[in-house]
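Here are some friendly notes to read alongside the model, written for someone meeting it for the first time. Please keep the structure open as you go through the points.

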Amino acid sequence: MRRWEKKCMRAFDSLDEIQNPIGTDPLVKDLADALQLTRRRAPFDNEYILGLVWRERRHLAVAGVTLLLCTASNLAAPVLSGMLLEMLVSGQPMTKYAEVLAVLATGYILEPLLTKVYMFNMLSAGEKVLATLRLELFRTLLMQRLSFFDKHTTAQLTALISVELDAVRSFIFNNVSRDRGLRAFLEAAGSVVVLFCLSWRLAPVCSIVVVAAGLAAAVYRRHTRDIERRQGQALSRMVTVAAQALDNMRIVRSFAGEALERERFQAHVGASYRAGLAFASAKAWFESANRFAIHASLLALYGWGGWLVSTGLMPVRVLVSGIGFTFSLLYAVQGSVNTLSELRRASGAFQRVRELIQNSDPDPSMYGALPPGAWWEVANGEVPAVQPYGPSAGDKAVAAARAGRGLELRDVHFSYPARPDVGVLQGLNLVLPHGCTTALVGLSGAGKSTVAGLLSRFYEPQEGSILLDGRPISSFSRGEWAKAVSLVSQDPVLFSGTIADNIAYGKFGMASPEEITAAATAANAHDFIMKLPDGYRTVVGERGTLLSGGQRQRIALARAIIKDSPIIILDEATSALDVLSERLVQQAINRLVKGRTVLVIAHRLATVQAADQIVVMRNGQAVEVGTHDDLIARPSSHYTELMSVQNLSMAST
Ligand SMILES: Nc1ncnc2c1ncn2[C@@H]1O[C@H](COP(=O)(O)OP(=O)(O)OP(=O)(O)O)[C@@H](O)[C@H]1O
Ligand SMILES: [Mg+2]
């Protein structure tokens, strides 16, 4: 095995080996943990890609052999045709004619069969490499820090999987036929060689096709490179505008934004149209130049070849073969050019995928949380092992949260990566004692949801530390943390699917119907669910838009309840409910929070009066801490200010 082959094998095997270490013998686990630090994600570099391709060497070997046989058969056909014609003209015995015909017939029968084997093996290898790449790309996207998703649009990221990787797929798919790709290259080269063997006098004339078509192709490629880039850019911008408008159709409609959206879209369609026209003109010129080349070659062949035959310098069969080769040469050269330009497009698309992945910065706590998948898992319908989140996951964080000293934020400074200059938290100190409910109140924009986000480990503070039971929360694995903390966010989003699916998501999709019903009942959602025609099987629509805001909140609450985690964060979890439902859900929450460490964020201060402690946030700091009674006893506290504003507004309504 050569050196690069060994490297390729290593590159892939190091990824392939990743197995979920959780739940195995501690020694193995330590070893696997240590290994995982070095195996973050596929780098998508050449070594990795070659490693993937090398895995398909059997398919490629079969494809290689069949390709050579097919090409040999294709190259033999014009030679044999020439021989047949010459035998007829020179009146040779029919037995000899039948022999040559039999050889030709064998080639004609075998070639289609070999073509099938060649195409199937090439395409299988391509599909397998791509399936693995797709899984790996998605895995890498899932591993990114949340700030990555603040920077890139969903349309851009989904385009990587759909458009960009698919460009690679269609390149392989389109270039396995006879007049394309490797077959075309081999046939063009082979034709020239055979022609020279047949007649060194005639071959240079036939080679005019190669030279002319090659020149035309070079000019065409150079000319279209820029056009293609413009077209690709216009297309991706078009997709972004369309996806954004269609995704937010309610807002577009309510602001009568259709005309504006159309105008934006039209600008990109215009760019694509102009690029398309430039392409059309270049393509037309190229096609025309190719026709010229073939006509020039045929004329030269008849003129020069005819003279060679008439003077006895060349047998007539060679002239017939030459005519046959002229056509196959042209198609082969044209096919090669198409392949080259498609190769450029596919490699450009792949380069975009690679750049994004290589410049990304995955969350180190996600390393090893998701094992890489491979095509054979897809082929066998295997369910990937995601045990870090499963029932047998390590329970360190859960134990620390159940028995420890609670959560503490120590002098936390934080600004969002998208706006590094704006300090959202500026030296926040906050203790969430174990088993107690802490309420976080403050004006809009004070940074309350930011605290919830940091406790959920969506982001990491730039300074200061967040501790659970005295231990930095970043020292727990993602899986452990997901088990220990439930978040009901301010704007709960559901996945498209059924209500039952959404609630079961809280338990990694593995909840029994009884558990789902119990959680829904606790969240005061059971009754409304049963009134829906399909009950728990009701489809909630994309992002849950087929439900009301309050219904969505209650499903999100049930999703958190079913998780049964020791730490609960409720960010305005009941804000969309009417007073009666809110009271019922509040009762459910009161039952739920017993013995757990809870952070409640609420604007309506009436809902947090019973909390064990209330923390008032202002300018990214905790400015007051105490119980409701403590805080209202202070004459000019921020809390009383908030209370009086709310009472005033309540009174005025
Ligand atoms: N992803 C983000 N990227 C950049 N800035 C953000 C991001 N999310 C929030 N912010 C900013 O951080 C600040 C605090 O926001 P946060 O959502 O924590 O406020 P809040 O106290 O929860 O407000 P509200 O009561 O309105 O929910 C705001 O100024 C907001 O503009
Ligand atoms: Mg908020």
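1. A salt bridge here is a side-chain nitrogen of Lys or Arg within 4 Å of a carboxyl oxygen of Asp or Glu. Side chains of opposite charge can pair when their charged atoms come close.

2. A word on the ground rules: this is a predicted model, in which local features need pLDDT of at least 70 and side-chain atom pairs count only at pLDDT 80 or more, while totals for chains, interfaces and linings use all residues. Residues are numbered from 1 along each chain as its sequence is written, chains are lettered from A and ligands numbered from 1 in the order in which they are written, and side-chain values use heavy atoms, with hydrogens and water left out.

3. The domain assignment gives domain 1 (1–132 + 362–385), domain 2 (143–234 + 277–359) and domain 3 (396–652); such bounds come from an automatic or database domain assignment.

4. Domain 1 and domain 2 bury about 3,000 Å² between them, 70% of it on carbon and sulfur atoms. Buried area is the accessible area (1.4 Å probe) that two parts lose on being put together, summed over both. In domain 1, the residues losing the most area to domain 2 are Phe-44, Leu-75 and Leu-130, together 20% of what that side buries.

5. Three salt bridges are counted between domain 1 and domain 2. Helices are DSSP runs (H or I, at least four residues), numbered from the N terminus.

6. By the salt-bridge rule the count comes to 21. One pair to look at is Glu-111 with Arg-183, with the closest N and O atoms 2.7 Å apart. Glu-111 lies in helix H5 and Arg-183 in helix H8 (residues 181–198), so the pair ties together parts 72 residues apart in sequence.

7. Finally, which residues come nearest to ligand 1? Of the 15 residues around ligand 1, they are Ser-444, Lys-448, Ser-449, Thr-450 and Gln-490, where "around" means a heavy atom within 4 Å.

How values were computed: Helices (H or I, at least four residues) and strands (E, at least two) are DSSP runs, numbered from the N terminus.
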